Amino acid sequence: MTDQVAFDGVHKWYGDVPVVHDLTLGVGAGEFLTLLGPSGSGKTTTLRVLAGLEAVTSGEIRLAGRTITDEAPERRNIGLVFQNYALFPHMTVAQNVAFPLRARRAAGIGARVDRALEMTRLTALRERYPRQLSGGQQQRVALARAFVFDPAVLLMDEPLGALDRNLRDHMRLELKALQRRVGATVVYVTHDQEEALAMSDRVGVMHRGVLQQTASPEEIYERPVNSFVARFLGQSVCLPATRVERAEHTVLRVEGVTGPILVDRDNDTCEDLSGEFMIRPERLRIAGRRPAPSGVNAVRCVVEARVYLGARTEVRLRAEAGAPLQVTVPTGEGGALTEGSAHWLSWTPADGRFLTRVV
Amino acid sequence: MVTLVLAFLVAPVLIVVVESFNGVDYLAFPLEGWSLRHYERFLGDASWLEATALSARIALVASAVATVVGTAAAWGLARFAGRGRSAAFALLYSPIVVPVIVLAMSYYFLFADLRLIGRWAAIAVAYSVMGVPYVLVSVTGALQRLDPELENAARTLGAGIARTLLRVTLPQLASAVLAGALFAFVIAFDEAVVILFVSGGDSVTLARKLWDSVRYDLTPTLAVAGTVLICVCVALFLLSEAAGALLGRRERR
Amino acid sequence: MTTRTPAPGPPRGGPGGERRRRGRPRLRRPAFAAVALGLPVAVMLAVYAWPVGAMLVRSVTEPEPGLSNLVRAVTDPTILHVLWVTVRMAAEVAVVSVLLGFPVAYFLATSPPRRARVLLLLVVIPFWTSVLVRSFAWIVLLGDGGLVTRLLHPLTGDGRGLLYGEGAVVVALTHILLPFPVLIIKAALDRIDGSLTRAARTLGAGPLRAFALVYLPLAAPATAGGGVLVFVIGLGFYVTPALVGGPKESTIAVVIARSVQETFDWGMAATLATLLLLLAVGLALAVRRLTAVKGAVAP
Ligand SMILES: Nc1ncnc2c1ncn2[C@@H]1O[C@H](COP(=O)(O)OP(=O)(O)OP(=O)(O)O)[C@@H](O)[C@H]1O
Ligand SMILES: [Mg+2]
């Protein structure tokens, strides 16, 4: 498969501060790829480098097989939806959307603008100025303007960040539907992991300028490559651990837990002897007494606190040897988990993972 | 107290206007009868009209040059982050600080060396220097309120630099550019110091002619010329206010 | 699946390291911005910095190279007297302007916006009116038999006007320069958050204390800045002193003009202009520090 977008060993420095480090990444045609990461991890910089608004420090960028590393932004044919939308305040909705076509002296501008406005349900608002639009409407104008000229790739920088929760959920569906209809290749940036998991074909997690892992939503949630990715996506229990033995299973010594912990060999991706043991709370089973011992990990612990979260209740526990643990139970169940009560947590070696530590 | 101070500010201006309707041939206040005779005299005297036309011509050119230079510089300063930025700012802004008499002498020496004394175009260029800081300040203020991401957006949408500046940046700076241009025009239109040094006998602007008559004959025709100056400048000021409000509303939409 | 080791640091050799510093993008914004700034700078160097620079050079080369002009300027009693008169009059104008300007600015800043806009016209219209015309107005008002002279007659007891005296220069210059401090101080007062004084009131300060402790300190830099600006402009003013002042009130600017046009003592003129320029630039820098607003001078 030839990639629609390819980063090849791209570095970006601001002065002597590295902001993007050795980025190598391919995005297939028609793929929806999301970059996810904490604030300051280099997501926006990656998009800006791709769009040509910042020059790379080294490395190469290709778009549809053409090297665009040194090309001016207006020659790249990339649609970018800015975080603050950057709509031209002195132009109407229709003029904003027509702008890229005018700049290209394209044919049939009127019809193409009409179609883009229709697809984003903006036809009735075409003569309005940006300031007369709501946030969601402005967002749709920015989107229409960015895809009306059939760019080779559509970049979106937290396009839903400024919207309220309900509108965000709604726009998410619309955006995804639109992307399917147009068949656009999309690189999307967000803070919101739920958004990332729900919309993307693949998710890339960035941290301190380094792309940690790129994989499908399921894979990246179930099989994070290191403790940073595990912690960043969803809830997780992560405990410092050392590998004692690597045989049929990996045998771990986990800090704050008495007795050895078993992990499937396939789940041991740690590059060092010491790393982090990780398990998702929903994989933990809770019982009043010690489960049957064979091949099952079990830890005795005491309930420390309960956090009511509406549909679910989060229960914080502490192992006898001191390790903090947690489980999540549907609200209404787990009535026995009163503060101070003792229980057994258990899980199979297939549920836990041993990961390289990255903080 | 405030009323008195405001009256102190406005009264002398009004008095010049009133004086222009004087009915006698010498300066007198309060007036001794009303008449339009000094207007007739002003309009009948080709030298006053020529002086007015010359002032307008010089101011127009000076304002145009100052506007182009000042606007380009404001944009450059806003987008240029390299070395020499503050030196460039100092150079462009400093004419506002330099005493006019110093500028007058500098241009006198320069024009004398280059045999430019009395050339209206050279005078216009000298005046444009005095207008540049005002355009710079006005446009810089507008640029600071402008989202720099708009230019980036235009670029990614396929517009080159020229198109971006013309279609995206400039329309949003229009009222600030206009305000700067008008101010530069007014400065050049009634400038009265440099001209005393560089007009020679050939380039008698309205201000130069006014100066000569204030110095040597003090007639009420002077008040007419003064009224013309006041009216032109105040009209331009009101125009800039109105245009600013109008364009500002469009920009803010 | 792509995995990266989490070591953000300088690229250590490798393909990335080798390719660092490769091809720079062509005409990108920084380069274009440099051109956009460079052309105006080139123009200003040619038509502004050059003549002013040449004038400065003249002060130490004419009639012969050296500091003879400077020595003459600081030893000649008439010139020292002129300097003293100039500084004194500029200071008087600055003080009077601030004293008159602050209440007006305060009044404008605290008026309802609509009324403030109209009243502001009364400040701005004179500001836009030719200096020459305004000086002329004062000649009419202050001359023998002028309105002010006659109004003052009961006080002064004679019919002689103030015209061609220091009083006339100070009055006319104050009138001409007053809009500067009014506009600058008003701009600063507009930025003072009204809730600050209200907060001070709720914290138990009386209206006068609130004004003195909260409002004045916030307004002080702009007020001082306005005063210094008037002083600087006043130092170099030519038209008004020349028209309404007498021979005793010759200012530096008047002497400079006379040296150029009448006595042809160009070296001395250039030296005095240099002194004036240095003073003006130095004080202007001080103003900038005080007000920290670049645009404060523009209306
Ligand atoms: N123009 C610049 N000059 C210097 N450093 C910069 C510049 N722009 C960004 N940075 C730095 O680069 C790093 C990455 O910034 P970037 O905007 O790419 O982060 P991000 O992942 O988009 O964060 P966020 O989620 O907050 O938007 C940050 O540490 C930031 O401070
Ligand atoms: Mg960002």
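Predicted model: local features only at pLDDT ≥ 70, side-chain atom pairs only at ≥ 80, totals over all residues.
Residues are numbered from 1 along each chain as its sequence is written, chains are lettered from A and ligands numbered from 1 in the order in which they are written. Local features need pLDDT of at least 70 and side-chain atom pairs pLDDT 80 or more, totals for chains, interfaces and linings use all residues, and side-chain values use heavy atoms, with hydrogens and water left out.

Over residues 5–233 chain A is 35% helix and 26% strand, with the end C-alpha atoms 25 Å apart. Helices (H or I, at least four residues) and strands (E, at least two) are DSSP runs, numbered from the N terminus.

Now turn to ligand 1. Around it sit A:Y14, A:V19, A:P38, A:S39, A:G40, A:S41, A:G42, A:K43, A:T44, A:T45, A:E158 and A:H191, each with a heavy atom within 4 Å of the ligand. Helix 1 (residues 43–51) of chain A gives the largest share of this shell, three residues. By type, the shell holds three nonpolar, seven polar and two charged residues; here Ala, Val, Leu, Ile, Met, Phe, Trp, Tyr, Cys and Pro count as nonpolar, Asp, Glu, Lys and Arg as charged, and the others, Gly among them, as polar.

Look next at the oxygen atoms of ligand 1. In the side chain of A:T44, an N or O atom is 2.6 Å from one of them. The backbone takes part too: an N or O atom of A:G42 lies 3.0 Å from a ligand oxygen, and one of A:S41 lies 3.2 Å from a ligand oxygen. On its own, ligand 1 has 630 Å² of accessible area, and the protein covers 58% of that. Such areas come from the Shrake-Rupley method with a 1.4 Å probe; for residues, only the protein chains shown count as cover.

Chain B has another make-up, with 11 helices and zero strands. Its C-alpha trace spans about 70 × 50 × 35 Å along the principal axes. An unreviewed UniProt entry places "domain: ABC transmembrane type-1" at residues 52–240, a span of chain B that is 80% helix and 0% strand, with end C-alpha atoms 21 Å apart. The "transmembrane region" annotation of chain B, also unreviewed, includes residues 90–111 and 218–247. Residues 90–111 of chain B are 73% helix, their end C-alpha atoms 24 Å apart, while residues 218–247 of chain B are 90% helix, with ends 43 Å apart.

Finally, in chain C the unreviewed UniProt "transmembrane region" annotation includes residues 89–109 and 266–287. Residues 89–109 of chain C are 100% helix, with end C-alpha atoms 29 Å apart; residues 266–287 of chain C are also 100% helix, with end C-alpha atoms 31 Å apart.

The surface of chain C carries a nonpolar patch of C:V60, C:L67, C:L70, C:V71, C:V74, C:L80 and C:L275, with about 540 Å² of accessible area together. Helix 3 (residues 68–75) of chain C supplies its largest share, three residues, and C:L67 sits in the loop between helix 2 (29–61) and helix 3. Patch residues have over 30% relative accessible area and no salt bridge, like charges being joined within 9 Å and nonpolar side chains (Val, Leu, Ile, Met, Phe, Trp, Tyr) within 5 Å; a salt bridge is a side-chain nitrogen of Lys or Arg within 4 Å of a carboxyl oxygen of Asp or Glu.

Conventions:
Polar contact = N/O pair within 3.5 Å; in protein donor to acceptor, adjacent residues only side chain to side chain. UniProt positions renumbered as here; feature names shortened; annotations may be inferred.
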